[in-house]
Amino acid sequence: MEAMRAVQILNPSGEVTMPRPERTRVMCVANQKGGVGKTTTTVNLAVALALHGNRVLVVDLDPQGNASTGLNVPHHTGVPDVYDCLINSVPLEDVTQAVEGIPNLWCVPATIDLAGAEIELVSVVARESRLERAITAYPGHFDYVFIDCPPSLGLLTVNALVAAQEVLIPIQCEYYALEGLNQLISNINLVRQHLNPRLDVSTILLTMYDRRTRLADAVEQDVRNHFGDKVLQAVIPRNVRVSEAPSYGQSVMTYDPGSRGATSYFEAAQEIAERGVKEPVSRNA
Ligand SMILES: Nc1ncnc2c1ncn2[C@@H]1O[C@H](COP(=O)(O)OP(=O)(O)OP(=O)(O)O)[C@@H](O)[C@H]1O
Ligand SMILES: [Mg+2]
């Protein structure tokens, strides 16, 4: 019911479609800076695309388990999770849960066990490509796989960068936003050179934009000058409904589909879908 209501409010004429890509787009949502909107972006884009007919998998790769919480997927100790895939080679489909209330959306949760993975991975064979192997071996077909990264550049994030074709970087519109981005980009370049030549920073999304401040505008100009058309036209405003939604186990798309937070994530999802059809990134079969 909530899913249907959300679609009716966000897309009343039904005119907006989100075309399905020809092949699975694996998108790594990364920024080692904490609290910039990685998880919020992952959850809301995933829900928006799923509500419009795309089959979407969210992989929670952060021991904080915020994406699992946001999608209301159980992730207490003892629940099979992404740790089991990375460390114990359990198939990804065995730990995947359907997201209740949103057709076409699934989640691989993270429990607190994942906190140990960063260290344990060090001594595991093919430690950088465990996630890539797990996703490649998945028998089901997805249009999108979103990987929500932790705020660090350790082995978990490296696994996400090796598994993905695309990187989506959320950037918070504030003064220190660009600090640290060079380090992220140089890590991405290293992964591209040595581990994953197809990796592309395809998408930059400006988050938590406060239009009352001149600073937000200056950050936006800086980011657009630097990254050009990788930056989505849609900008996510700071919006209290966005931050309230997770405490109800919901995305803002269903919690308050008429809010500015929901409509901007809807627009961002639409742009991503359209770009994927217009400029297909080179992908493995
Ligand atoms: N557009 C927004 N408006 C208001 N609050 C927001 C918005 N986007 C995110 N928030 C809030 O900001 C906080 C950080 O967001 P989020 O958890 O998505 O960031 P993150 O980059 O995943 O953080 P971490 O690095 O800890 O994983 C959360 O409390 C979230 O609810
Ligand atoms: Mg997060």
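Predicted model: local features only at pLDDT ≥ 70, side-chain atom pairs only at ≥ 80, totals over all residues.
## The annotated span

Let's start with the record. An unreviewed UniProt entry lists residues 25-200 as "domain: AAA".

## The largest pocket

Next, a look at the open space. The largest pocket holds about 530 Å³. Its lining is made of 30 residues, and Gly37, Thr39, Thr40, Met208 and Pro246 are the closest to the pocket centre.

Which helix gives the largest share of the lining? That is α2, with 5 residues. Helix α2 covers residues 38-51, and at least two lining residues also come from each of α3 (66-70) and α10 (240-244). By residue type, the lining of this pocket divides into 14 polar, 13 nonpolar and 3 charged residues.

## The nonpolar cores

The largest nonpolar core counts 54 residues. Val82, Leu86, Leu92, Leu131, Ile147, Ile169 and Ile171 have the most contacts inside this core. Helix α7, residues 155-163, contributes the largest share of the core, with 7 residues. Apart from this core lies another one, of 42 residues, including Ala3, Cys107, Phe146 and Val252.

Leaving aside residues up to four places away in sequence, Ile169 touches Ala30, Asn31, Leu181, Leu184, Ile185, Ile188, Val201, Thr203, Ile204 and Leu205.

Notes: Residues numbered from 1 in each chain as written. Chains lettered and ligands numbered in written order. Heavy atoms only, no water. 1 Å grid on protein atoms, 1.4 Å probe; cavity = no way out; pocket = protein on both sides within 12 Å on 5 of 7 lines; lining within 4 Å. Points joined across faces, edges and corners; volume = space filled by probe spheres on them. Helix = DSSP H or I, 4+ residues; strand = E, 2+ residues; numbered from the N terminus. Nonpolar A, V, L, I, M, F, W, Y, C, P; charged D, E, K, R; others polar. Core = buried A, V, L, I, M, F, W, Y, C linked by side-chain atoms within 4.5 Å. Buried < 20%, exposed > 50% of the residue type's maximum accessible area, 1.4 Å probe, protein only. Contact = heavy atoms within 4.5 Å. UniProt positions renumbered as here; feature names shortened; annotations may be inferred.
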